[in-house]
Amino acid sequence: MHRRKFFKQSAFATVGTMLIPSFLKAYESKHLGLNQPVGKTLVIVQLSGGNDGLNTVVPFRNDIYYRERPTIAIAPEKVLKLNDEIGFNPALEALKGLYDDGLVTVVNNVGYPNPDRSHFRSMDIWQTASDSDKYLTTGWLGRYLDANCQGNDCIAHRAIEVDDTLSLALKGQDLNGLALLDPKKLYNQTRSGLVAELSNIKPAAEVVASHPNVSYLYKTLAETASSAEVIYDKSKVTHTKTVYPASELGNRLKTVSELITSGVNTNVYYISISGFDTHINQPGQQERLLRQYAEAVAAFTKDLKTNGKLNDVLLMTFSEFGRRVKQNASNGTDHGTANNLFLIGGGLIPGRVFNEAPNLTNLDEGDLKYTVDFRNIYATLLRDWLKVDDQAVLGRQFETLKVVSQS
């Protein structure tokens, strides 16, 4: 194919650069490493929009909570009690079962210094693991790939986001994760006429020298096509018999489970679900979303246990911020700061509430104060779970939490 025809037929060309379509956001690897051991797996579920933590893990003995939320507070008799102070929203009944089995750790008051209440900025901070006054262009999981995927040790599709587009969290300086919503869909896209033809072309040396972006595109196409074929072939091996709820999260966790049990060499999976920005009429909307979340995670955990993978997979759930303590005039809540976070899996020190309940008497202009920096949790996941150098990823040392079982 002539380069002029390529530029004319594709939507990749723009002034001075090349844009790679969303389904081609695969990281660049020299070797597929198909026989490399997978080791531990980390699954991250992002609750986008700012989930209301106080109505998720409810301080049912706190009079201030009920005073500040006269119409949206969860009644004490409905709370699924975890200890003498806090309990789950009743919509999390399926998650409470996992907690009772010792598979859930609740971490309260998670945040960072000088919090930002903007969705976009706070999500960037969480996804890049930056200070609130620093702006980074690489994500913490992208830097994990950069630091641990070199030469012959580089494993294809080591980090997968179950989506059509790739989040900043999985973008590194040299390597990116792979965005994949459906293995068959990705495989078919890489086998379409134009993409298939381009992926089999090796550009001439003079093209590589004078047009590095064009060379990069050809290289990425070829490697994405290879990864797509491997993942698709693997995904046909295992089809779960576990019944998942027919929700967005249920479908995506089902995909993750099938990829894990089929032996795809992936250490990190990333999923985002939206709808948690509950400024108006919060109770019904949040209850529906929390129930979908709990039922999907319960099915996923059951599936892992059935396939002997429960102790090798750790799921973390977070949201970019919590909500203000006081409800607003629209039967909802506005953007806040610190929040709770869940760790779920068989490799934890038997599940528990890790730390103190939120302090509603000592607020920062109406918002909760953080006591656990989210990067302490990232350091724990990197050092204690994935067994990698957390300082190489986070840029400095953060203390780890005693949550991962060392047995």
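**View 1. Five cavities turn up in a search of the whole structure, counting those of 30 Å³ or more.** This is a predicted model, in which local features need pLDDT of at least 70, side-chain atom pairs count only at pLDDT 80 or more, and totals for chains, interfaces and linings use all residues. Residues are numbered from 1 along each chain as its sequence is written, and side-chain values use heavy atoms, with hydrogens and water left out. On a 1 Å grid over the protein atoms alone, a cavity is a set of points where a 1.4 Å probe fits but cannot get out.

**View 2. The largest cavity has a volume of about 80 Å³.** Volume here is the space filled by probe spheres set on the grid points, which are joined across faces, edges and corners. Its lining consists of 13 residues, with G53, L54, N340, P358 and L368 nearest the centre; lining residues have an atom within 4 Å of a point. Strands β7 (104-111) and β12 (339-345) are the elements giving two or more residues to this lining.

**View 3. Helix α10 (residues 248-262) meets helix α11 (residues 282-306), their axes coming within 9 Å and crossing at roughly 15°.** Axes are lines fitted to C-alpha atoms over the stretch in contact, with angles from 0 to 180 degrees between N-to-C directions. Helices are DSSP runs (H or I, at least four residues) and strands are too (E, at least two), numbered from the N terminus. The two helices, α10 and α11, are therefore roughly parallel to each other (angles under 35 degrees).

**View 4. L249, G250, L253, V256, S257 and I260 of α10 touch Y293, A296, V297, F300, D303 and L304 of α11.** Contact means heavy atoms within 4.5 Å.

Technical notes. Parallel < 35°, antiparallel > 145°, perpendicular 65-115°, else oblique. 1 Å grid on protein atoms, 1.4 Å probe; cavity = no way out; pocket = protein on both sides within 12 Å on 5 of 7 lines; lining within 4 Å.
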